[in-house]
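Welcome! Open the structure in your viewer, and let us walk through it one selection at a time.

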Amino acid sequence: MYRIGIDVGGTNTDAVIMDGEKLVLGVKSPTTEDVTSGIVSSLAKVLEESGIKAGQIGAVMIGTTHFTNAVVERRKMSKTAAVRLCLPAAECLPPMVDWPDDIRETVGGHYWLAKGGNEFDGREISALDEDELRGIADEIGKQGIDSIAICSVFSPVNSEMEDKARTVLAERLPQANFTLSSEIGRLGILERENAAIMNASLRQLSAETVKAFSAALASAGLSCPCYITQNDGTLMSADFVRAYPVLTFASGPTNSMRGASFLTGEQVAVVVDVGGTSTDVGAIIKGFPRQASTSVDIGGVRTNFRMPDVFSIALGGGSIVQPDDPITVGPKSVGFRIHTEGKLFGGNTLTTSDVAVGLGIADFGDPAPARALGEDRLNAIRDVIDEMILNAVERMRVSPDKIPVLAVGGGSILVRDHIGELPVIKPENFAVANAVGAAIGQISGEVDRIFSLEKISREEALEDARKEATQKAIAAGAKPDSIEVLDQEDVPLAYLPGSATRIRLKVVGDLDG
Amino acid sequence: MASLTKVTEAELDAIEVGAGILGTGGGGNPYIGKLRCREELKKGRRIDVIPLLELDDDALVVSLGGIGAPVVGVEKIEQGEECLRALRALEEELDCKIDATISSEIGGANSMEPMLTAAQAGIPVVDGDGMGRAFPEMQMCTWSIYGHKSSPSAMADEKGNVVVFRHTASEVWLERLARASVVAMGAAAGIALAPMRGDFIKKFAVPDTVTRAWSLGNAVFEAQTNHRDPVATILEHEDGRLLMTAKIIDLKRHLKGGFAVGEVKVDGFGAYQGETGVIDLQNEFLVFRRNGEMEVCVPDLIVVLDSDTGLPITTELLRYGQRIAILALPCHDLLRSEEALKVIGPEAFGYHDLTFTPMPRRANAGETR
């Protein structure tokens, strides 16, 4: 069976067909306002050009920036109720306190603080008050809100109160959807709560999007399963995306890094993805992106859930070049208007593409305007570009080893054969690395719970967790013999009666079929 | 530089960055404290700053701040008036009226709480602090070094519990008893220490440090807005010296007795190409060695900035491959005396082979400060 990978970008919707490990074909179509028709046309195009029939496709994987864009553009976010279990603590900083005004207004800014929450050592700050919660449920009902985010103090260590509060609220609000902060983020209440509120506000949109994607597949004659990629390079089923849309945030850079790794066969590398206006630089370890260790801003809101560590610089194929000393490149870019404004296409603006064409390293448009600057000047400009890339690569480099740099994206013609001492590899299909990254998405199985060490050793507990996660991955469609542990972490909880440890473990495997 | 007399939202952002720089890699994150101050301002309260020398000799000044584990502080945020309750408990205990608050440590998170409590109590915060930087322990501030006894002191939590330490046998006993109480309180509480008289604090507080944090932060913002080199801008504003522009080539960090301990190895770039450096850290950056030779050490300030943005990098955010600027800023003379060096010199951090050599100041710097 073949697989189709689709990347819905800001400018283009790319589609690739893969036959096992082999890339059959890649195509580009313009992204459309409604997103779906762009997917439909790229599906039609890739099937037609490859001559492969719809019935031969086993799965479609879609990478989308839909949900990130909704947050950035403050569109299509639902009114949301934030319920924090904390009193009497945490009263001084209400939920959404540091959000930009426009996004707070978009989600309505409604919040309730209630008794509850745990201490660092597991004691209760105060007991949950079910009557208080029922009162809150009635107020939420009166406001007509049906997206609810619940966040309890220290819930990443003990999520019981969040679960209990959901049960109580759901009795009065049977139509509502719930997001629990413990399912999304880690310690750091403001950032975790932010992510939970954003997730809740996107639940409606995610239900609609999943429906639209299924319709797009159906209209292309496809009846196979459809998956959406999440930001750790694994796949989510439609049901999962409906519940956790924020996990798609930053899946674009993840897909391009994973695609670059796949196309070159390199497992440890720095990936440079050069677009029209900016360059994303990230690091891959074992073929997966390195995670960010600090809080990450999404549309001006601080969050702390897992995200790929990406460093972006304002350098792309359309960056505006100022050739006189001191030479500057960017941060402004002509972007997609390069075809009218770039000197190489008869416009008035000198861009990095002009320089590349003038130096003969790329062959499109008219090289004459750039050549008029003279070779020395062009080389001096290229040195500035090199320095910018070198700087970003050095920042993301993970070790002193001479790991390769993988250059992908339409603007990667700007990247030389070496960056400092590191060799550069440019895969043949560099322009569709994103869609390849989506197509090779793997199935994961995850366990995150507290294990008692009364009767078993830590090693046995880890082994139990691994088995449990493996079963989950197989149930979700992973090929049993391809499953391996991607990530494991155990935090001893000294305070619980007896001895206990919290184990988070994630396995990944290839999609079966 | 002009003294800061009033803090509004714009000044808070600059103080956050400046306090981060003066935190010399530690001191905790001032972000939550900044948000809390901002909420007080939104309620119509004001944060007034009083220059150290304008204090009356018999004014009563209280040093206060949060106490507990930093990781708890980002999860269980305070109810909001813990320090105010502790301050009121002291007033009740001593039957007095407190005239101003002061920060024990301007570097990092403790820069914010005294401003916050001052706004709530309707009194000013003093333009000064007890370190001019950050250090890991309470007794490492100037007033403890120069003989002030911290008890009677008071602690309050979010649940309404208030504990007064009427008398403690020593500063170490206060630390011990306060730690035990704070664990029972859920590892986050507010503490207010025995009031100090105006004439004492005028002699023994590090002066002008709220203004200094604000002006440092402003220098970074100015450079970013005008696309100038932020490191050069900071050096123009400060009586400091660029030690090296460098890239991190090795990083060792581990936890020891609750502190992050380790070392950072760097290779110079730009004008420092070919040189190597090592920075030792224990929560804060303690010692800088160039090509194997000790060049700067505590109590002088070793500051690590992102070489592009000028923003401070704390020890937990250090990363292999980062390009950094390492700066040294001279500490105040109060930190350089024989008594002070016993508590905060290299020996106090376990460096028995190192002797503190004060870094030179600029010729005219002594007059302005």
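How far apart do the C-alpha centres of domain 2 of chain A and domain 3 of chain A lie? They are 42 Å apart, in a model that is predicted.

**Stop 1: the domains of chain A**

To see where that distance belongs, colour chain A by its domain assignment: domain 1 (1-74 + 202-249), domain 2 (80-201), domain 3 (266-431) and domain 4 (442-509). Now look at where domains 2 and 3 of chain A meet: 14 residues of domain 2 and nine residues of domain 3 take part in the contact. On the domain 2 side, select helix α6 (residues 189-201) of chain A, which gives the most, with six residues. By class, this side of domain 2 has seven nonpolar, three polar and four charged residues.

**Stop 2: a helix in chain A**

Next, select residues 458-475 of chain A, which form helix α15. After the helix comes A:Gly477, with a positive phi near 115 degrees.

**Stop 3: where the chains touch**

Now bring chain B into view. The contact between the chains involves 23 residues of chain B and 25 residues of chain A. On the chain B side, select α2 (31-42), α3 (70-73) and β11 (241-256), the elements that each give two or more residues. Of these, α2(B) gives the most, with three residues.

**Stop 4: the domains of chain B**

Finally, colour chain B by domain: domain 1 covers 6-207 and domain 2 covers 231-357. What is the distance between their C-alpha centres? The centres of these two domains of chain B lie 26 Å apart. Where they touch, 18 residues of domain 1 are in contact with 22 residues of domain 2. Select α1 (9-22) and α6 (142-145) of chain B, the elements that give two or more residues to the domain 1 side. The largest share, three residues, comes from α1(B). Colour this domain 1 side by class and you will find nine nonpolar, eight polar and one charged.

Notes. Residues are numbered from 1 along each chain as its sequence is written. Chains are lettered from A and ligands numbered from 1 in the order in which they are written. This is a predicted model: local features need pLDDT of at least 70, side-chain atom pairs count only at pLDDT 80 or more; totals for chains, interfaces and linings use all residues. Helices (H or I, at least four residues) and strands (E, at least two) are DSSP runs, numbered from the N terminus. The expected span of a helix is 1.5 Å times one less than its number of residues. Two residues are in contact if their C-beta atoms, placed from the backbone, lie within 7 Å. Domain bounds come from an automatic or database domain assignment. Ala, Val, Leu, Ile, Met, Phe, Trp, Tyr, Cys and Pro count as nonpolar, Asp, Glu, Lys and Arg as charged, and the others, Gly among them, as polar.
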